[in-house]
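Open the structure in a viewer and keep the selection tool at hand. The stops below can be followed in the order given.

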Amino acid sequence: MSRAERLRLGLIVPFRDEEAVLARKLANLDELRWSDELRWPIDEQRVVFVDDHSRDAGAGIVAAAVSSSGRRPFRLECLAAEGPPGKPAAIRRALAQLQGS
């Protein structure tokens with residue numbers, strides 16, 4: 001199968017004021033075990049956290065995880081939602097990011 005024919009994997013995680021659980025969610029991602037069949041190039045496996053106008057330190061927790069991503073088998077990203085608050089707007093922001101690059 002050529003690279004152009006490969007599927008891409010994108011996981012979108014919108015969050016707002018989730019400081020209490022984000023460290024655990026990030027740890028869960030780090031514990032995932034990928035089978036050989038799912039080992040796509042790292043740029044084709046992306047997890048995008050979208051800060052939906054949080055008022056707590058959640059975005060900082062995700063940003064720290066992004067900067068210390070180590071040897072994850074996927075690319076971890078953190079975006080700030082644009083426009084009005086709400087999960088649909090946050091998901092649209094992430095979809096635009098995933099589709100644009």
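**Whole chain**

Start with the whole chain selected, and keep in mind that this is a predicted model. Colour by confidence: the mean pLDDT of the chain is 84, and 80% of its residues reach 70 or more. Confidence is highest in α2, at a mean of 95, and lowest in α3, at 88. Where pLDDT is low, the predicted coordinates should not be read in detail.

Next, switch to a cartoon view. The chain has 3 helices and 3 strands, and from the N terminus on they run β-α-β-α-β-α. Of the 101 residues, 30% count as buried. Among contacts between residues at least 6 apart in sequence, 82% join residues at least 24 apart.

**The sheet**

Select β1 (9-15), β2 (45-51) and β3 (75-80). In what order do the strands of the open sheet lie? The order is β1-β2-β3, and the pairing is parallel. β1 and β3 are the edge strands; each has a single partner, so one side of each has no neighbour in the sheet. On average, neighbouring strands of this sheet are turned by 20 degrees against each other, direction ignored.

Now keep β2 and β3 on their own. These two pair in the parallel sense over 6 bridges. Show side chains at phenylalanine 49 and at cysteine 78 in β3: the two residues stand opposite each other.

**The helices on the sheet**

Within α3, select Ala89, Ala90, Ala94 and Leu98, which are its buried residues. What covers them includes β1, β2 and β3. While looking along the helix, recall that an α-helix has 3.6 residues a turn, so residues three or four places apart point the same way.

**Isoleucine 91**

Stay in helix α3 and select isoleucine 91. Is this residue buried or partly exposed? Isoleucine 91 has 31% relative accessibility and counts as partly exposed, because buried means under 20%. Leaving aside its neighbours within four places in sequence, isoleucine 91 is in contact with Ile12 and Pro14. Draw a C-alpha to C-alpha distance from isoleucine 91 to aspartate 52: the two are 9.3 Å apart in space and 39 residues apart in sequence.

**Serine 54**

For the last stop, go to the loop between β2 and α2 (58-67) and select serine 54. Its relative accessible area is 18%, so serine 54 is buried. Which residues does serine 54 contact, leaving aside its neighbours within four places in sequence? They are Phe15, Arg16 and Asp17.

Show the polar contacts here. The side chain of serine 54 reaches the backbone nitrogen of aspartate 17 at 2.9 Å. A polar contact of 2.7 Å also joins the side chain of serine 54 to that of aspartate 51.

Terms used. Residues are numbered from 1 along each chain as its sequence is written. Side-chain values use heavy atoms; hydrogens and water are left out. Buried means under 20% relative accessible area, exposed over 50%, partly exposed in between (1.4 Å probe, protein chains only). Helices (H or I, at least four residues) and strands (E, at least two) are DSSP runs, numbered from the N terminus. Contact means heavy atoms within 4.5 Å. Two strands pair if DSSP finds at least two bridges between them. Axes are lines fitted to C-alpha atoms, for helices over the stretch in contact, and angles run from 0 to 180 degrees between N-to-C directions. A polar contact is a pair of N or O atoms within 3.5 Å; within protein, one must be able to donate a hydrogen and the other to accept it, and residues adjacent in sequence count only if both atoms are side-chain atoms. pLDDT is the predictor's confidence in each residue, from 0 to 100.
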